[in-house]
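Subject: Structure for you to look at

Hello,

Here is the structure I said I would pass on. Please open it first, then read the notes below it.

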Amino acid sequence: MLCLLASCSSTQDEGRLDSLLAVQESAEATLASTRMAYEEAPTDKRVLYNYAYLLLHEGQEEQALEVIREAQALYAPSLRFSYLEAAAYYSLGRHQSYLATYGDILSWDPANVDVLATLAEYEHFHFHEEAARSYAERALDYASTDSRALSVMALYESYFASLATPLSDRQAPERRMAPSLPSTHFPIDVEALSAELSTR
């Protein structure tokens, strides 16, 4: 009987969290509802991720970093939280911390092509050709057709220009364009968030 009651209570708790984490009528209401979920279940991985994600979307980077650090203390290493951490640092203009976070990811996930290509674009944007080429080459070692890494290499070697998608079909990473961030955390579209969160 006690087991049945515990199971029922757990199901009710899950239903309550699902309701609080659902996308509301506005970004502000969604953040407020997710904050309530965080207050009720501060160690739940899904709650921590959603709350940090929305704080970052709302421009509250320092608060997002606090939540991310709480999550990392519980669930490290976590690619998802590390991506959010890097995005927060980038948004704050803390580029050394941004690079260090991606360096940490590569220390335990060296074949992360998304991060390698992002760093290749970042270094190209900051006029560091040697570093840009190095990251792009590493990315291509793991994924020889990665379009982002090929696009960076095409800027330095004509051979790669023939392999990269033609300029008419893509937006080339130019020096004055900010580097893209890994697609797993940016851009954040609150309108489409319900589908994103329902898979977690």
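Accessible areas come from the Shrake-Rupley method with a 1.4 Å probe. On that basis the chain exposes about 10600 Å², and carbon and sulfur atoms supply 52% of this area. Please keep in mind that this is a predicted model.

The chain as a whole

The secondary structure comes to 11 helices and 0 strands. Read from the N terminus on, the elements therefore run α-α-α-α-α-α-α-α-α-α-α. The chain has 200 residues, and buried residues make up 42% of them. Take the contacts between residues at least 6 apart in sequence: 54% of these join residues at least 24 apart.

Helices α3 and α5

Helix α3 covers residues 45–57, and its axis comes within 11 Å of the axis of α5. The two axes cross at roughly 15°. Angles under 35 degrees count as roughly parallel, so α3 is roughly parallel to α5. The crossing of α3 with α5 is left-handed. On the α3 side, the contact is made by K45, L48, Y49, A52, Y53 and L56. On the α5 side, R80, F81, L84, A87 and A88 take part. Sorted by class, the residues of this contact are 9 nonpolar, no polar and 2 charged.

A residue in α5

Helix α5 spans residues 79–92, and S82 lies in it. Is S82 buried or exposed? Its relative accessibility is 9%. Buried means under 20% relative accessible area, so S82 counts as buried. Which residues is S82 in contact with, leaving aside its neighbours within four places in sequence? They are Q72, T101, I105 and W108.

Helices α8 and α9

Another pair to look at is helix α8, residues 129–142, and helix α9, residues 147–154. They pack at an angle of about 140°, and their axes are 9 Å apart. That angle makes α8 oblique to α9. The crossing of α8 and α9 is left-handed. From α8, the contact uses A132, R133, A136, E137, A139 and L140. From α9, it uses A149, L150, V152 and M153. By class, the contact of α8 with α9 has 8 nonpolar, no polar and 2 charged residues.

Regards

Conventions. Residues numbered from 1 in each chain as written. Predicted model: local features only at pLDDT ≥ 70, side-chain atom pairs only at ≥ 80, totals over all residues. Heavy atoms only, no water. Axes fitted to C-alpha atoms, helices over the stretch in contact; angles between N-to-C directions. Helix = DSSP H or I, 4+ residues; strand = E, 2+ residues; numbered from the N terminus. Parallel < 35°, antiparallel > 145°, perpendicular 65-115°, else oblique. Left-handed = near helix turned anticlockwise from the far one by under 90°. Contact = heavy atoms within 4.5 Å. Nonpolar A, V, L, I, M, F, W, Y, C, P; charged D, E, K, R; others polar. Buried < 20%, exposed > 50% of the residue type's maximum accessible area, 1.4 Å probe, protein only.
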